[in-house]
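Trainee: I would like to go through the labels attached to this model and see what each one rests on.
Mentor: Then ask about them one at a time.

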Amino acid sequence: MKSALVIIPTYNESENIVPLVHRVLAAVPEAKVLIVDDSSPDGTGVIADGLAGVHPTVHVLHRTVKEGLGAAYLAGFAWGIEAGFARLVEMDADGSHHPEQLPGMLSLLDDHDLVLGSRWVPGGSVENWPLHRLALSRGGNLYTRLALGIRIKDATGGFRAFRADALKSIDLTSVASHGYCFQVDLLWRALEHGLRVVETPITFTERVAGESKMSGSIVRESLSRVTLWGLERRARELRELVVRHRRLPSVRATQVALPR
Ligand SMILES: Nc1nc2c(ncn2[C@@H]2O[C@H](COP(=O)(O)OP(=O)(O)OP(=O)(O)O)[C@@H](O)[C@H]2O)c(=O)[nH]1
Ligand SMILES: [Mg+2]
């Protein structure tokens, strides 16, 4: 299949971005890289420009305001689609996702539209996470599965590969989620749209440098939105049930004369 673009959003990842990009270029030499930086105060954008100056396959999208992970990815998707890439990858800059697992994920795109790197399917794992982060991820995913009625084990992960034509078919104009809820939002739209989604095991490693952007407001955003989508789904199913029930032909009793 054709060209792949690895999109890496960055906010204050000055210590992580260089080794990560080198690992991507080594693991998937045919891929191109797009760093989407929201004017990181620690100079990540300048470092990214340095990488682009040395490697012609690395590009940088500079954004003036920090608008969250979701907005950065939407800008990256638009850039990649406009440039004609057939496959688009989401990957964190903090080293939590291993570029060495990308070739396997990309090959799954031959017969799927969306490949989810999954920590919570057999073979998947998490390294060096404190207990409270494990609990948050397991709990968040369990709630998401129950609320939305889906089977996906890791709906919140951010290591993913899309077929660009499939991504184009989803309406992304109304995606407003900011934090990791963006990942659930995108997955939910993909499932509702009937895309072929598959989970594949990945190893997730806690960042060793820089600071996490995870916050209470990101968790609250996810909780409230997932609850709303779940309720909307149930309401829709109920409406469909009522309509189907109304359409059922009414059964009339017919009288049959019994032989005497
Ligand atoms: N461009 C841009 N990138 C962001 C923004 N917020 C987070 N990122 C990047 O998105 C990726 C994921 O952010 P993290 O802080 O690692 O958040 P997380 O992976 O959900 O949380 P941890 O598991 O604690 O690391 C990293 O590459 C960040 O630099 C933002 O507002 N703009
Ligand atoms: Mg992270």
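**Labels and their grounds**

Mentor: The shell around ligand 1 divides by class into 8 nonpolar, 3 polar and 8 charged residues. Bear in mind that this is a predicted model.

Trainee: What makes a residue one of those that surround ligand 1?
Mentor: The cut-off is a heavy atom within 4 Å of the molecule. On that basis 19 residues surround ligand 1, and the closest are Glu13, Asp94, Arg133, Ser212 and Lys213. Strand S1 (4–10) and helix H3 (69–82) each supply at least two residues of this shell.

Trainee: How do you know that lysine 66 has a polar contact with ligand 1?
Mentor: A polar side-chain atom of lysine 66 lies 2.7 Å from an oxygen atom of ligand 1. A polar contact requires a pair of N or O atoms within 3.5 Å, so the pair at 2.7 Å qualifies.

Trainee: Where does ligand 1 sit?
Mentor: Ligand 1 is in the largest pocket. The label requires more than half of the molecule's atoms to lie within 2 Å of the pocket's grid points.

Trainee: Why is threonine 203 called buried?
Mentor: Its relative accessible area is 19%. Buried means under 20%, so threonine 203 gets that label. Threonine 203 belongs to strand S9 (residues 203–205), and its side chain makes a polar contact with the side chain of serine 125 at 3.4 Å.

Trainee: And why is alanine 71 called partly exposed?
Mentor: Alanine 71 has a relative accessible area of 22%. Partly exposed covers the range between the 20% limit for buried and the 50% limit for exposed, so alanine 71 is partly exposed. Alanine 71 is in helix H3. Between alanine 71 and alanine 93 there are 16 Å in space, C-alpha to C-alpha, and they are 22 residues apart in sequence.

Trainee: How many of the residues in the protein are buried, as a percentage?
Mentor: Of the 260 residues in the protein, 47% are buried. The secondary structure comes to 8 helices and 9 strands, and the C-alpha atoms fill a box of roughly 100 × 40 × 35 Å along the principal axes.

How values were computed. Residues numbered from 1 in each chain as written. Chains lettered and ligands numbered in written order. Predicted model: local features only at pLDDT ≥ 70, side-chain atom pairs only at ≥ 80, totals over all residues. Heavy atoms only, no water. Polar contact = N/O pair within 3.5 Å; in protein donor to acceptor, adjacent residues only side chain to side chain. 1 Å grid on protein atoms, 1.4 Å probe; cavity = no way out; pocket = protein on both sides within 12 Å on 5 of 7 lines; lining within 4 Å. Helix = DSSP H or I, 4+ residues; strand = E, 2+ residues; numbered from the N terminus. Nonpolar A, V, L, I, M, F, W, Y, C, P; charged D, E, K, R; others polar. Buried < 20%, exposed > 50% of the residue type's maximum accessible area, 1.4 Å probe, protein only.
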